[in-house]
Amino acid sequence: EYIGPGFTPNRVEGKYIDVNLSEQMLYTIEGGKLVGSYRVSTGKWSMPTPIGEFVINSKNDRAYSATYDLYMPYWMAFIGYEYGIHELPETPWGRKEGESSLGVPVSHGCIRLGVGDAATVYGWADIGTRVFTHN
């Protein structure tokens with residue numbers, strides 16, 4: 001059963017995250033019911049967010065990327081430690097990046113959530129929660 005816009009209830013039993021890349025939306029679903037919907041920013045065309053079925057394999061409330069010298073609050077890795085769902089990146093001096101870009105694919109492949117939304121999803125999702133990404 002498909003219910004628009006953008007997510008499929010009862011894809012699997014229990015809870016899961018459904019990310020619609022075309023809509024730039026993340027949906028949290030539990031027991032076949034929509035729990036939350038959030039505007040996101042996913043990978044830009046040159047660094048796209050992978051499409052498929054994944055699992056949250058680790059969580060870190062404040063991960064750090066040495067490559068970009070940025071913190072990623074509420075990090076939830078879903079492909080190794082390379083791709084994750086997280087709050088807008090933060091510089092070492094505390095400035096958030098990309099708030100005006102929510103709804104636009106501009107990330108390096110990760111799924112960025114806004115301030116507040118990331119904490120909500122982080123608190124709701126467990127390690128092992130499935131993540132579906134699709135167009």
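Tutor: This is a predicted model. Leu26 touches Ile17, Asp18, Val19, Gly36, Ser37, Tyr38, Val40, Ile85, Ile111, Leu113 and Val121, leaving out residues up to four places away in sequence.

Student: Which residues touch the most other members of the largest nonpolar core?

Tutor: In soluble globular proteins, nonpolar side chains tend to be buried together. The largest nonpolar core here has 20 residues. Those touching the most other members are Ile17, Leu26, Ile85 and Leu113.

Student: Which element gives the most to this core?

Tutor: At least two residues each come from β1 (15–20), β3, β6, β7, β8 (111–113) and α1 (117–124). With four residues, the element that gives the most is α1.

Student: Is Thr42 buried or exposed?

Tutor: Thr42 sits in the loop between β3 (33–41) and β4 (52–55). Beyond its neighbours within four places in sequence, its contacts include Val19, Leu21, Val104 and Cys110. The cut-off for buried is under 20% relative accessible area. Thr42 has 2% relative accessibility, so it counts as buried.

Student: Which strand supplies the largest share of the lining of the largest pocket?

Tutor: The largest pocket has 18 lining residues. β5 (58–65), β6 (70–79) and β7 (83–87) each supply at least two of the lining residues. The largest share, three residues, comes from β6.

Student: How many residues of that lining are charged?

Tutor: Tyr68, Met72, Glu82, His108 and Cys110 are the lining residues nearest the pocket's centre. By class, the lining has 10 nonpolar and six polar residues, and the number of charged ones is two.

Methods
Residues are numbered from 1 along each chain as its sequence is written. This is a predicted model: local features need pLDDT of at least 70, side-chain atom pairs count only at pLDDT 80 or more; totals for chains, interfaces and linings use all residues. Side-chain values use heavy atoms; hydrogens and water are left out. On a 1 Å grid over the protein atoms alone, a cavity is a set of points where a 1.4 Å probe fits but cannot get out, and a pocket is an open set with protein on both sides within 12 Å along at least five of seven lines; lining residues have an atom within 4 Å of a point. Ala, Val, Leu, Ile, Met, Phe, Trp, Tyr, Cys and Pro count as nonpolar, Asp, Glu, Lys and Arg as charged, and the others, Gly among them, as polar. Buried means under 20% relative accessible area, exposed over 50%, partly exposed in between (1.4 Å probe, protein chains only). Contact means heavy atoms within 4.5 Å. A nonpolar core is a set of buried Ala, Val, Leu, Ile, Met, Phe, Trp, Tyr and Cys residues joined through side-chain atoms within 4.5 Å.
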